[in-house]
Amino acid sequence: MKRSLAILGSTGSIGTQALEVVSEHADLFEVYALTANNQVDLLINQARKYMPEVVVIANEQKYPELKEALEDLPIKVWAGSDAIAQVVQSEPIDMVLTAMVGYSGLKPTIAAIKAGKAIALANKETLVVAGELITSLAREHKVAVLPVDSEHSAIFQCLAGEWENEVEKILLTASGGPFRTKTIDELAVVTKDQALKHPNWNMGAKVTIDSASMMNKGFEMIEAKWLFGVAPEQIQVVVHPQSVIHSMVQFQDGAVMAQLGIPDMKLPICYAFSYPKRLTSKAPRLDFNLYSSLTFEEPDMTRFRNLAFAFEAIRQGGNMPCILNAANEVVVAAFLRDGIGFLQMSDVIEATMQKVPFITTPTYDDYVATDAEARRIAAAMI
């Protein structure tokens with residue numbers, strides 16, 4: 001019997017690659033729902049190819065165009081963020097891939113967990129913003145949350161068969177991004193076009209900018225804390241420019257296990273979809289003869305302050321990671337429209353973390369209010 005999937009963010013980098021996995025394994029997976037934010041033309045093409053039961057466009061202004069384009073097909077067409085949270089609860093769905101960008105992934109992820117759906121998590125901001133709430137809900141509803149980020153999938157694969165053994169340390173690898181070797185003075189004048197040229201990975205604009213600033217690695221550290229139940233002090237970020245080792249786990253006896261492979265997001269996507277089985281893949285194989293050396297460095301948290309902010313946010317806990325995420329989403333959007341400099345992004349994030357009221361044990365409503373207040377404060381400084 002085929003596994004029925006809802007793919008949230010189907011027009012983004014992860015969503016399009018997930019649909020490629022579906023095409024390669026059409027005997028195992030089928031698409032029940034596709035959702036997108038704005039890219040209505042691509043969503044139309046995907047709907048015609050994969051024939052889901054439902055498609056949802058978050059931007060309600062795009063609804064008439066989507067509805068008209070699919071009126072000859074027996075596909076339900078919905079619009080709005082509430083509709084995305086509603087569709088994930090549909091009875092036939094077995095797994096929800098959350099590949100939406102940023103804070104927008106929180107609400108539908110909560111709805112899917114409450115409906116008992118397995119989660120393939122590609123939206124790291126969900127755990128950054130509300131990790132305690134999400135993990136508590138997953139335990140309560142006995143829902144599996146399977147990581148799709150390459151680093152967290154690597155850790156998950158290293159832990160397979162080792163669940164009863166104590167983890168001493170998680171070694172979270174980072175490419176270092178396009179600005180790994182640049183000085184502070186050089187970083188002060190980098191452009192968005194330079195920041196969007198990641199050396200190893202093909203990702204969406206927001207994630208690529210986060211990688212350049214190392215905020216992405218900070219978010220992944222917070223995500224790892226919640227996914228694997230470790231303290232921040234047990235997570236070491238290691239810069240590994242070749243991106244061959246996707247992450248490592250060190251156990252209490254000192255042994256280190258690593259997962260290696262060519263940078264290709266379809267591998268962790270497929271592993272989440274098929275776990276605990278591994279499926280045949282057409283992905284390129286790792287040829288060690290092409291790598292004369294694999295190198296490692298400590299991250300520079302003076303040049304890349306966002307990583308330090310992430311560690312500080314998770315140490316404080318409460319709503320501080322939510323503040324961090326909201327401020328970051330505002331400054332990245334501003335940087336992409338040339339409204340702020342690369343280094344100024346960190347200045348605004350730091351000031352926002354200091355200005356938004358701290359809540360020790362936030363509720364869902366507190367997260368919503370915190371997100372709105374942090375965005376207001378950050379935007380006012382730009």
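**Strand and rings**

Guide: Strand β9 (residues 235–239) is mostly covered, with 4 of its 5 residues buried; buried means under 20% relative accessible area, exposed over 50%, and partly exposed in between (1.4 Å probe, protein chains only). Strands are DSSP runs of E, at least two residues, numbered from the N terminus. This is a predicted model, in which local features need pLDDT of at least 70, side-chain atom pairs count only at pLDDT 80 or more, and totals for chains, interfaces and linings use all residues. Residues are numbered from 1 along each chain as its sequence is written, and side-chain values use heavy atoms, with hydrogens and water left out.

Strand β8 (residues 167–174) runs parallel to β9, joined by 5 bridges; two strands pair if DSSP finds at least two bridges between them. In this pairing, V238 of β9 has T173 opposite.

Now the rings. Rings of Phe, Tyr and Trp (its six-membered ring) pair if their centres lie within 6.5 Å; planes under 30 degrees apart count as stacked, over 60 as edge-to-face and the rest as tilted. That rule gives 7 aromatic pairs. Y271 and Y275 form an edge-to-face pair, because their ring centres are 5.7 Å apart and their planes are at 70 degrees. Y271 is buried at 7% relative accessibility, whereas Y275 is partly exposed at 29%. F335 and F342 are also edge-to-face, because their centres are 5.8 Å apart and their planes at 65 degrees. Both F335 and F342 are buried. Ring pairs also link Y271 and Y275 with F156 and W163 into a cluster.
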